[in-house]
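Visitor: Please take a close look at a single part of this model. Pick one chain and walk me through it.

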Amino acid sequence: MNDKRTTDNDFDVQLPLDIPLSFAPRESRHGASPSAPHALLAGAQSRLVFVGVCFVIAFAVVALRLTDVMIFHHLHDDQVVENIEQQQRFTQPLRATLTDRTGEVLAISLPTKSLYADPKNILDAKAAARGLIKVLPDLNYDDVLQKLSSERRFIWLKRNLTPDEIYKVNALGQPGLEFESENVRIYPAGSSTVHVVGLTDVDGNGLSGMERALNSALEKNEQTKTLSLDLRLQHVVEREVQDAITTFNAIGGTGVVLDTWSGEVLAAVSLPTYLPAQVSEANDEQRFNRFSLGVYELGSVMKVVNTAAALESGKIHLGDFFEASQPITYGRFRINDYHPVHRPLSVEEIFLYSSNIGSAHMAMQMGTKYQREFMCRVGLCQNLETELPELGLPQIPSDWKDLRAMTAAYGHGVAFSPLQYMRAVSTIMNGGYLTPITFMKRDPVDHPLGQQVMSTRTSELVRRVMRANVTSDEGSGKKAEVDGYCVGGKTGTAEKNQGRHYEKDSRISSFVGAFPMTDPRYLVFVMIDEPKPTKQTYGFATGGWVAAPVVGHIIAQMGPLLGIPPMDENAPQVLAKTQLTIRTQKNDSDAH
Amino acid sequence: MIRHIIIWVLLVSVSATVALNTSWRVRTQEQRLEKIHNSIEAEQDRIRVLTAEWHTLKSPARLDALVARHLPQLIRITPNQMLAMNQVAALPTAEDESVIVAMRDSVAGAEKADKKAVAETTVKSAAKVAQKSTSKPDVVARAVAVQAKNDQIADLISHQKDEPMTVASIQDLLNQESAYHAQAVVLASANGGAR
């Protein structure tokens with residue numbers, strides 16, 4: 001600024017149009033008119049300021065825009081980026097975990113990686129194949145070599161590697177070996193719970209069991225789902241039923257434990273079973289769910305329902321006698337007893353001796369219409385409602401003729417799934433409440449759930465009869481007795497219906513047991529399919545010999561497991577609730 | 001005028017620098033956050049894998065097979081080994097404690113006097129000594145019962161420690177598997193001691 005000339009000169013130089021003028025100051029320095037250069041200078045200055053302001057505005061705009069982009073828009077953009085990240089992170093949400101009631105994992109999804117090769121990038125196929133079979137011994141060298149030498153750009157080598165295997169493959173350092181993220185469903189309990197928990201397909205959709213029932217909830221992965229099962233109890237039931245199947249060379253069996261108050265299924269086993277991971281090799285017999293899908297003519301265990309119906313009708317009381325000395329002949333049918341007693345039997349004796357003849361007479365006396373109506377009341381007519389998708393429909397004919405009623409009294413001509421049958425018995429045991437069955441854990445209850453469909457009085461009477469069936473010498477369920485748990489129950493031996501006739505040597509032996517009989521909280525049902533008689537059982541393969549001991553074993557282990565305090569069966573307050581005087585014709589005549 | 005412009009330019013450039021710097025810092029923090037997110041995710045995946053492994057390892061079927069192979073001497077708990085809490089004698093009261101201390105003192109005294117006497121000094125003989133110190137026989141009986149029970153439990157615990165490592169670890173597993181088992185074992189032995 002101190003040297004104006006320089007400035008002017010510079011200025012003039014910068015304005016090429018004014019070049020002729022640039023010489024003017026030099027000439028005018030010594031005496032030219034001062035006004036003309038001054039005006040020129042003023043004009044130059046204003047132009048300078050104008051240009052300067054333009055630049056400042058331009059820079060300010062750029063700076064403002066930068067600030068805007070970096071600070072304000074930046075946040076906004078980041079949100080977008082984060083959303084995309086989130087989406088990528090959760091595009092394949094892991095399926096929710098399923099646990100049993102104690103928190104044991106029954107099904108869990110694991111993120112895994114699957115190994116594939118891009119053969120184009122493989123440098124030395126032979127070396128790569130050698131390395132691979134060393135770390136993944138289940139692969140075949142020739143197979144791998146062929147895959148690695150192929151012309152394709154993508155070829156699977158092994159699905160779902162363990163973290164250890166991934167590490168080892170990475171350690172090989174072979175280019176061209178890549179991993180693809182996948183996830184796999186693991187069932188830590190294996191074959192034990194497969195019929196309840198079910199399976200998913202490769203894409204993670206529930207195919208069967210609770211996996212299918214809870215599919216949409218599990219897919220959202222909101223929270224862990226807790227089933228009603230107790231895995232420890234499930235194992236006990238599985239082991240005991242399997243033992244019986246092995247001992248009696250049976251083709252299958254099922255065992256279910258039900259909480260009669262909450263309707264929770266604590267254990268449900270169907271044998272034979274299979275490992276979820278080997279579902280492709282499982283046969284139909286293994287896949288079949290015998291406790292809820294299988295529908296069976298259950299035989300004498302249905303006398304629990306028949307006796308309850310008789311007592312509830314008000315027309316029949318304990319101590320009433322029915323003629324059981326002669327078989328009933330109805331058209332071409334003949335109703336006979338397995339162990340004929342050849343004398344009139346009281347209601348409780350009919351139950352204890354499991355007399356078909358007596359039961360049929362009871363059905364006729366209470367009225368066949370009432371009998372069917374009672375069966376509907378305890379939930380045997382409607383389809384069972386529970387979460388499990390595999391449910392067998394009850395087979396209870398609507399044309400309820402006399403013969404039908406008489407055979408239904410001892411469990412033939414009508415067929416139910418074990419689970420549906422158990423709900424009926426649970427209703428009779430828990431004081432008459434038709435409790436909804438569930439495979440999901442419920443909050444603890446202090447009272448049976450559901451609607452009351454029969455009197456508590458009848459429930460108490462049937463309990464006494466069932467208890468007597470285990471304690472008395474004549475009872476068929478003696479082998480189910482467990483010290484301290486006051487068990488009651490009923491045996492059943494049904495001949496299997498093969499087409500149009502009943503097969504004498506292919507039976508279904510079953511036992512339904514409840515405990516403690518003072519106020520039954522737990523119901524255990526075991527059914528063994530086609531047991532063969534053994535020497536140890538003196539040639540018998542009936543419910544009392546086959547299924548009753550299994551129920552006894554289950555209860556003996558279940559009590560300590562669930563912390564159920566044992567009781568003194570002979571304590572007066574227990575006897576007051578469980579004792580029953582069995583009236584027979586003999587001591588009746590003694591009394592007269 | 002120029003000065004103003006310079007000041008403005010300076011101000012703008014300073015603010016731009018600050019903004020740029022902040023933006024960079026935010027970006028690095030975000031990268032850190034992303035890394036942490038990733039490591040959390042990796043950790044969660046690991047936890048899932050370990051959970052699956054743990055539950056496979058402690059599945060009842062596997063434990064049952066292990067017990068059958070390594071602990072054939074173990075037998076199943078029977079219902080009559082179970083006791084309700086109210087059937088177990090209550091915890092020692094202050095009075096019981098004083099009797100127990102008296103009993104221990106007498107045992108210690110005998111120990112000092114003669115080593116042979118230790119073998120003969122049973123809870124019963126100690127009780128006799130204790131009986132002298134208090135006039136209430138029911139308190140003594142209770143204290144003796146409580147002491148005997150404690151000894152039994154202590155015996156059981158020390159016995160378990162003597163077992164080889166594998167047995168102890170499997171026992172531990174079993175205990176975790178079911179608190180009831182452990183409870184029943186202790187209660188049963190305590191019950192036996194009381195008898």
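Guide: First, a cut-off. A residue is buried if 20 or more other C-beta atoms lie within 10 Å of its own, exposed if 12 or fewer, and partly exposed in between, with C-beta atoms placed from the backbone. By that count, 12% of the 195 residues of chain B are buried. This is a predicted model: local features need pLDDT of at least 70, side-chain atom pairs count only at pLDDT 80 or more, and totals for chains, interfaces and linings use all residues. Residues are numbered from 1 along each chain as its sequence is written, while chains are lettered from A and ligands numbered from 1 in the order in which they are written.

Now the fold of chain B. It has eight helices and zero strands. Helices (H or I, at least four residues) and strands (E, at least two) are DSSP runs, numbered from the N terminus. In order, the elements of chain B read α-α-α-α-α-α-α-α.

Next, contacts. Two residues are in contact if their C-beta atoms, placed from the backbone, lie within 7 Å. Take the contacts in chain B between residues at least 6 apart in sequence: 73% of them join residues at least 24 apart.

Then the partner. Chain B puts 31 residues in contact with 38 residues of chain A. On the chain B side, the elements giving two or more residues are helix H1 (2-57), helix H2 (60-70) and helix H8 (179-194). H1(B) gives the most, 16 residues. By class, this side of chain B has 18 nonpolar, nine polar and four charged residues. Here Ala, Val, Leu, Ile, Met, Phe, Trp, Tyr, Cys and Pro count as nonpolar, Asp, Glu, Lys and Arg as charged, and the others, Gly among them, as polar.
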